[in-house]
Structure formats: structure tokens, C-alpha cells
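Student: Here is a model I would like to go through with you. I will ask what each term rests on.

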Amino acid sequence: MQQPDPADQVPAALTEWALASLVIHADDEFAIDSAIAPPIHQTSTFRANSAADFAEMATQARHPRYYTRYGNPTLERVEKVIASLEGAEAALVTGSGMGAITTTVLALVQAGDHIVAQRNHYMGTTKLVTEILPRFGVTTTIVEQTEVSAFAAAIRPETKLILVETPSNPTLQLTDLRAIAELARPRGILTFCDNTFASPYNQRPLDHGIDLVMHSATKYLGGHHDLSAGVVAGSQALLEKIWNAHMVVGAVLGPIDAWLLLRGLRTLVVRVKQQNQTALTVAQFLESQAAIEQVYYPGLASHPQAELARRQMQGFGGVLSFAVKGGYAATQRFISALKLPTQAVSLGGYESLVVHAAAMWEGTLGEAGLVEAGIQPNLVRFSVGLEDERDLIADLQHALAQV
Ligand SMILES: *Cc1c(COP(=O)(O)O)cnc(C)c1O
């Protein structure tokens, strides 16, 4: 039999593959022996074979086999997969989503700089820009994410960075990624998007002109509630800058967790497709219920930004939120009556998780803060897992009968 031409075995451009193929094959080049599953490089340091080798390793930026805080082949492999999913040149994995956000922001701003951020961000992001960075002379203007004109009005000559997060937590509001990128690019301002709620299957911010994208890989990318990780992806040049801060911040992902993340990523597309489908069915069911005041889900025609959702997302994700008629106590009764979804923070995994939003954020925001963030006392956040949608709906129906 004729030997196949090696060139035929490698598609011309990896980026031409669909995401379902990329999650399986984007790291093929790293295969080192006949094992299908990748090895775990559970080591903190790497041997040099000669004095000359050592000198070379020590001076090369981001050498994957020098010291694990600097890089590690298992981490490099998962970075390759995630970069390909986001259509990015490069990625950096970190020990948590907050590690990725903090390292990235620290790498990009200095005293005197100004940031524009949204009213609704992940709590840690809000704390970083409103409490920690001001101590180092970096100021932030907070704007309404749904108003592009508010971003435009907040920009100053010293603005270096615009932070966005879409859909946002917990009321699934959207930010117009293309409009923000078009605002920032000509002014030399960098844009950084938290894409955790969407996952790269549903939304790829770089395709809309955003410079950097991050994930709490603890959520959809890992998908199994068994690890903490973060990732930032973008151009090679920006990632080099971020890596320089990463070496100092030290939010390193352990090799075993990187391996678990890679394993979780293999099923990202099938999981998210299913979760999109189930979340839409659940959202539509809840919207039809008399005991429900309002449902927030970007895939519903009733979402105030449904048109934008269809423009920048290819699926609407597995997280929705809704307000139960009857206030705080009724909402507690409703949640307590649920049998399938577990009451726990986090989202994006195989198991449905539910939280009473007001109870979750009361401690950090206070009552006035809850109102400002649009978190009503009767708001429930529901992260749809991989259970059968008929069972989830029967469970919701039963719990609604208790309120
Ligand atoms: C969870 C989360 C984070 C923080 O990620 P960790 O992995 O918990 O540090 C950031 N942004 C969003 C949208 C999140 O849901």
C-alpha cells in the first residue's frame, strides 16, 4: 500500500476545523509516544542536558521545560487547545479565573492609567478595579454594560483598558462586543472580555475585535466541578507581556489540574450544545408559569437584547436566572423544594446548580448594593447541568407548587 503523504495528514490550517474537532485534535502535535491520553508532567523543574542547554533554557522566554511556574508541557498542551477554540495566537493557563484576571490587568496598567468597566462584573473583578487598583494609582469608571454610549462617554486620554463580561452574572445582560472593540481600537485602548458564561462554543470575542479573552476554566471548560483554573488568550505579543507578570504573580496551574482541564475540554462541545438546549427549554417552561415573575435568558425572544444575542452568540449558554413571585421567603421555599439541582455556588458543570442570588451576594453588596446590581430578593440563578430536561422540568414544576 502506498504511504500517505505526511502533508495530507495535517490540515493546512487548524483554525479551519470546527470546535468539536479542535477540542480533540488541536494538541495532536504534542503527542510524544503511542499513548492516546496525554502524559502528566508532574514536576516542578526540568533537567538541562548540558551547560549550554541550561544557558539557553534560562534565557528563552516561556520555555516549556525549565521551571513549572514559567511553563510546563502539560500546561502548554491545554493552552494550545484553548487558544485554538478562541481563535487566538496564544493562551496562558492559571490556577483560577481570578488569577487570570488579576495577572492580566496587572500586566497592562500602571499608576496614572484609567480603566472602564461594567456595573455587573464577577465580584472579584469588581473588587480588583474598585478596591485594590486605586491603591496603586489606577482609577476605574463603572458604566452600564448595555449602553455603548456610556463606554464612549467614560473614555479619557489616560484610558488603557476596557473590561467587559457578557453575558453577565446573574441577570444575563449583554455587552455589544463589536461596538466596544470599534470604540477602543482606534484610540489604542485594549479590550478584555470575561467569556466564562458563554464558553468559546457560544461566543468568540476575538472574532468581534476584542483583544483578550479570559475564562474561569473552573466552569464550562473544566465542566466537572473538580478543578480550579483560569485562562487568558489573545495575541502572542500581549500574552508575552501577561506571562511576564504571571512569573511574578505566580498563580500557577498544577499539572494534574491542567490534565483534568484538558480531559474536560474534550467534551466541551457536546456538553455545551446539550446545556444550551436544556437551558432554553427550561427558560421557556419557566416563562409560561404563573408563579414566575420574570425569566432572564439571552435565548428568549423576551430578552431585551435578544437581537444582539443572535448577532454575537451562536448559542445562549446553560445559565439562566428568574424571579419567583412572593419575595425572599417564597424563593427560599422554592429552592428548598428542588430535588435535582444542588444548592451550590459555581456553574458550568455536569450537575445542575442553583443559588438564591440575594442570599449569595447580600454579605458583599449590602441591601443597597443588591438593588444597584439589579438583584431582586426573589432572584434565582440556575446553572443547567446534563440531567434529562424532562426530569428538571418536573422538579421545577413540583417546587413551584410549594410557593
Ligand atoms: C467564577 C468566575 C470567575 C472567577 O473564577 P475562579 O476560577 O473562581 O477564580 C470570573 N468570572 C466569572 C464570570 C466567573 O463565573
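Tutor: Start with the sheet. Seven strands form an open sheet in the order β1-β7-β6-β5-β4-β2-β3, with mixed pairing. The model is predicted: local features need pLDDT of at least 70, side-chain atom pairs count only at pLDDT 80 or more, and totals for chains, interfaces and linings use all residues. Residues are numbered from 1 along each chain as its sequence is written, and side-chain values use heavy atoms, with hydrogens and water left out.

Student: What makes β1 and β3 edge strands of this sheet?

Tutor: Each pairs on one side only: β1 spans 90-94, β3 spans 139-143. From one strand to the next, the twist averages 20°. Strands here are DSSP runs of E with at least two residues, helices are runs of H or I with at least four, and both are numbered from the N terminus.

Student: How do you know that β5 and β6 pair?

Tutor: Count the bridges. Two strands pair if DSSP finds at least two bridges between them. β5 (residues 190-194) and β6 (residues 212-216) share three, in the parallel sense. Cys193 has Val213 of β6 as its bridge partner.

Student: How many bridges join β4 to β5?

Tutor: Five, again parallel, with β4 covering residues 159-165. Leu163 sits opposite Phe192 of β5.

Student: What makes β5 a mostly covered strand?

Tutor: Four of its five residues are buried. Buried means under 20% relative accessible area, exposed means over 50%, and partly exposed lies in between, with a 1.4 Å probe and protein chains only.

Student: Why is Gln203 called buried?

Tutor: Its relative accessibility is 1%, so Gln203 counts as buried. Gln203 belongs to the loop between β5 and β6. Not counting residues up to four places away in sequence, Gln203 touches Glu86, Thr166, Leu177, Asn195, Ala198, Gln312 and Met313. Contact means heavy atoms within 4.5 Å.

Student: And why is Pro39 called partly exposed?

Tutor: Pro39 has a relative accessible area of 33%, so it is partly exposed. Pro39 lies in the loop between α2 and α3 (51-59). Leaving aside neighbours within four places in sequence, Pro39 contacts Ile32, Thr74, Arg77 and Trp259.

Student: Why are α11 and α15 called roughly parallel?

Tutor: Look at the angle. The axes of α11 (residues 268-287) and α15 (residues 389-400) come within 10 Å and cross at roughly 30°. α11 and α15 are therefore roughly parallel. The contact involves Gln277, Thr278, Thr281, Val282, Phe285 and Leu286 of α11 and Glu389, Leu392, Ile393, Leu396, Gln397 and Leu400 of α15. By class, that contact has seven nonpolar, four polar and one charged residues.

Student: How do α4 and α10 pack?

Tutor: Their axes are 8 Å apart, at an angle of about 35°. The crossing is left-handed. Thr74, Leu75, Arg77, Val78, Val81, Ile82 and Leu85 of α4 meet Pro255, Ala258, Trp259, Leu261, Leu262 and Leu265 of α10. The class count is 11 nonpolar, one polar and one charged. Nonpolar covers Ala, Val, Leu, Ile, Met, Phe, Trp, Tyr, Cys and Pro; charged covers Asp, Glu, Lys and Arg; the others, Gly among them, are polar.

Student: Which way does α11 pass α15?

Tutor: In a right-handed crossing. A crossing is right-handed if the near helix is turned clockwise from the far one by less than a right angle, and left-handed if anticlockwise.

Student: Which residues of α10 are buried?

Tutor: Pro255, Ala258, Trp259, Leu261, Leu262, Gly264 and Leu265, in a helix of residues 255-265. Their cover includes α2 (19-25), α4 (73-86), β1 and α11.

Student: Where is the peptide bond from Thr166 to Pro167 placed, cis or trans?

Tutor: It is cis, with omega near -5°. Pro167 is in the loop between β4 and α8 (177-184).

Notes
Axes fitted to C-alpha atoms, helices over the stretch in contact; angles between N-to-C directions. Parallel < 35°, antiparallel > 145°, perpendicular 65-115°, else oblique.
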